[in-house]
Amino acid sequence: MNKPLILVVEDDPPVRNLITTTLKAHGYRYITAHNGNDALLEASTHNPDILLLDLGLYDIDGMEVIGKVRSWSEMPIIVISARSEDRDKIDALDAGADDYLTKPFSVEELLARIRVSQRRLNSSGNQSSGTVFVNGELKIDYAAGCAYIRGEELHLTPIEYKLLCLLSKNIGKVLTHTYITQKIWGSTWEKDVASLRVFMATLRKKLERAEGSTQFIQTHIGIGYRMIKVE
Ligand code: CA
């Protein structure tokens with residue numbers, strides 16, 4: 001299978017070099033853009049498989065780039081941010097980004113995020129359209145409204161089941177607390193974020209109760225949750 005084409009949008013030459021050198025060393029194909037307008041042009045011309053996007057660009061804001069790209073493409077977007085504040089990452093995720101990297105990041109981290117996006121690319125189209133979702137030992141029968149681990153039915157409360165479906169339908173993508181509470185409760189109150197934490201803990205316990213069992217849900221402290229695509 002062809003390695004995906006990655007569009008690298010970064011205005012800082014040392015960081016851009018680090019990224020492109022890493023991609024090259026690992027056999028990835030890439031193109032680069034140095035500002036937001038070039039990013040939009042390259043994205044629409046080459047239709048890359050993955051977009052690596054620096055949020056702090058000097059012409060147009062990275063957030064605006066996400067919004068524009070999302071108006072016509074579902075390509076995975078990994079945001080690269082020097083700002084350590086969670087707020088920027090949360091805004092980018094809510095605007096449609098899939099994942100984030102905080103500067104300074106390691107080469108291993110960068111490659112790991114790309115692999116997660118690649119898995120999302122490969123899995124979209126085959127299982128997401130059907131009524132049955134499979135991820136390793138987890139199976140969800142959307143039509144029947146049931147979830148199973150190793151063929152054994154999980155006893156989930158309606159909210160836990162809704163959470164599981166939401167995460168599975170967005171597999172590989174980090175979902176923010178705001179996004180999840182809006183989808184589940186239709187609100188973003190503080191108390192809902194607190195109950196989300198409780199529901200998520202019990203859901204995880206049910207999913208991952210067995211000794212040495214697979215981890216399906218990843219917690220991003222202060223940001224949200226993601227379902228991991230199991231190998
Ligand atoms: Ca920058």
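The legends below describe close-up views of a predicted model. Residues are numbered from 1 along each chain as its sequence is written, and side-chain values use heavy atoms, with hydrogens and water left out. Because the model is predicted, local features need pLDDT of at least 70 and side-chain atom pairs count only at pLDDT 80 or more, whereas totals for chains, interfaces and linings use all residues.

**View 1**
Asp11 (OD), Asp54 (OD) and Gly56 (O) are the protein donors of the calcium ion, at 2.2 to 2.5 Å from it. Donors are N, O and S atoms within 2.8 Å of the metal (3.2 Å for Na, K and Ca); water is not among the atoms, so sites may look incomplete. Along the sequence, the spacing of the donor residues is D-x42-D-x1-G. Asp54 is buried at 3% relative accessibility, whereas Gly56 is partly exposed at 34%. Buried means under 20% relative accessible area, exposed over 50%, and partly exposed in between (1.4 Å probe, protein chains only).

Strand 3 (residues 50-54) and strand 4 (residues 77-81) are joined by 4 bridges in the parallel sense, and Leu52 stands opposite Ile78 in strand 4. Helices (H or I, at least four residues) and strands (E, at least two) are DSSP runs numbered from the N terminus; two strands pair if DSSP finds at least two bridges between them.

**View 1**
Contact means heavy atoms within 4.5 Å.

**View 2. The largest nonpolar core.**
This core has 27 residues, and those with the most contacts inside it include Leu138, Ile140 and Ile180. Helix 6 (158-169) and helix 8 (190-207) are among the elements that each supply at least two residues; helix 6 gives the most, with 6 residues. Ile180 touches Leu163, Leu166, Leu175, Leu196, Met200 and Tyr225, not counting residues up to four places away in sequence. A second, separate core of 26 residues includes Ile31, Leu40, Ile66 and Met75. A nonpolar core is a set of buried Ala, Val, Leu, Ile, Met, Phe, Trp, Tyr and Cys residues joined through side-chain atoms within 4.5 Å.

Most residues other than glycine have a negative phi, and most peptide bonds are trans. The peptide bond from Lys103 to Pro104 is cis, with omega near -5°; Pro104 is in the loop between strand 5 and helix 5 (107-123). Asn47, in the loop between helix 2 and strand 3, has a positive phi near 45° and is partly exposed at 48% relative accessible area. Arg150 also has a positive phi, about 50°, and lies in the loop between strand 8 and strand 9 (152-153).
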